[in-house]
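Subject: Structure handover

Hello,

Here is the structure I promised to pass on. Please open it beside this email and follow along.

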Amino acid sequence: MKKLLLLSALLIFACSSDSEGNESNNNSNSQRLVESITVLSATNTRAENYYSMSYDENNRLISFEYQSFDFDENGQIYYESEIDEVNIDYFENSVMLYDDNDEVVFPINNDGTIDDNDYAFVNGYLTNIESSDGQDDNCLQQQTWVNNNMTHFVETCNPNFEDSIVGEIEYTTHIRPNETFVYYRGGGGVISSIWIGLRGKQSNNLPLRFRNCGGSTNFNINPSDCSYFSETERTYEFDSQGHPILINENQYATQNNSSDSFSFVSVAITYAN
């Protein structure tokens, strides 16, 4: 079950209101539970729908369905996966994620973070991850947090240094209104591990811009030093309580400073309460 085993995968790295990404007003007074995340349109990328999110009496996510789509440069779908359902069971010292094909159990600490020697936390924030590709490549990702926001990560890989990557994140002034919800594109196992807190606390503000540089470990990104470079920018629309209801994401990417590509995705978010 590859989808549920991607916990160590690098995340490359939503009424009426203004749609600017740097909107500073945040009037959220209550916790809203996400019901669905639906792709409205996309070009030249893969994106996912998340459906039928359900919660227990403690507002913990216990199940959802998701489906992946590949979009061409004209916004047409040329591949769609089967719909997969992920279920989550909570125990005193562990959490189990499972679908129709497999299950995986994660031991947890008292604060709900994953209890694994490859993960290091400080005050609930993830600071280091060690990972391996199962063959010869070993990577260490180190994360930098400023004012409760992850602003940088550096992942160094050996012996295959070309697999190393550096990331920078800039943020809006809009405080994330939902304690558990963050939106990243990725498989069901990766995103659910974030939603249920296995990877610790998430950044306090909604992200505005992501920059990633492959084949480098320089803290300050210079695109000319990267074997792969991408920059992703987001805009948001909010409901009257300050919860995201629409996220637009534009990405520019280049390979070896020669092959440029552009992609776009727009997703709508609905809430169960």
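Below is what turned up, topic by topic.

Confidence first. This is a predicted model. The protein averages a pLDDT of 86, and 86% of the residues score at least 70. Strand 4 (residues 77-80) has the highest confidence, at 97. Helix 1 (residues 188-195) has the lowest, at a mean of 79. Please treat residues 1-29 with care. There pLDDT stays under 50. The model still has 98 contacts beyond four places in sequence for that stretch.

Next, the strands. Strand 16 (residues 259-271) runs antiparallel to strand 1 (residues 34-43), and eight bridges join them. Look for valine 39, which stands opposite valine 267 in strand 16. Strand 16 also pairs with strand 15 (residues 244-255). That pairing is antiparallel too, over 10 bridges. Here tyrosine 252 has phenylalanine 262, in strand 16, as its bridge partner. Strand 15 and strand 16 form a hairpin with three residues between the strands. In that hairpin, asparagine 256 takes a positive phi near 55°.

Now the aromatic residues. The whole structure holds nine aromatic pairs. One of them is tyrosine 50 with tyrosine 66: the ring centres are 6.0 Å apart and the planes lie at 25°, so the pair is stacked. Tyrosine 50 belongs to strand 2 (residues 45-55) and tyrosine 66 to strand 3 (residues 61-71), so the pair ties together parts 16 residues apart in sequence. Tyrosine 50 is buried, at 0% relative accessible area. Tyrosine 66 counts as buried as well, at 3%. Tyrosine 66 also pairs with phenylalanine 64: their centres are 6.2 Å apart and their planes at 40°, so this pair is tilted. Phenylalanine 64 is buried, with a relative accessible area of 0%. Tyr50, Phe64, Tyr66 and Trp195 form one aromatic cluster.

There is also a charge over a ring. The charged end of arginine 60 sits over the ring of tyrosine 90, 4.2 Å from its centre.

Is threonine 151 buried or exposed? Its relative accessible area is 15%, which is under the 20% cut-off, so threonine 151 is buried. Which residues is threonine 151 in contact with, leaving aside its neighbours within four places in sequence? They are Thr144, Val146, Gly167, Glu168 and Ile169.

Best wishes

How values were computed
Residues numbered from 1 in each chain as written. Predicted model: local features only at pLDDT ≥ 70, side-chain atom pairs only at ≥ 80, totals over all residues. Heavy atoms only, no water. Pairing = 2+ DSSP bridges. Helix = DSSP H or I, 4+ residues; strand = E, 2+ residues; numbered from the N terminus. Buried < 20%, exposed > 50% of the residue type's maximum accessible area, 1.4 Å probe, protein only. Contact = heavy atoms within 4.5 Å. pLDDT = per-residue confidence, 0-100. Phe/Tyr/Trp six-rings, centres within 6.5 Å; stacked < 30°, edge-to-face > 60°. Lys NZ or Arg CZ within 6 Å of the ring centre and 35° of its normal.
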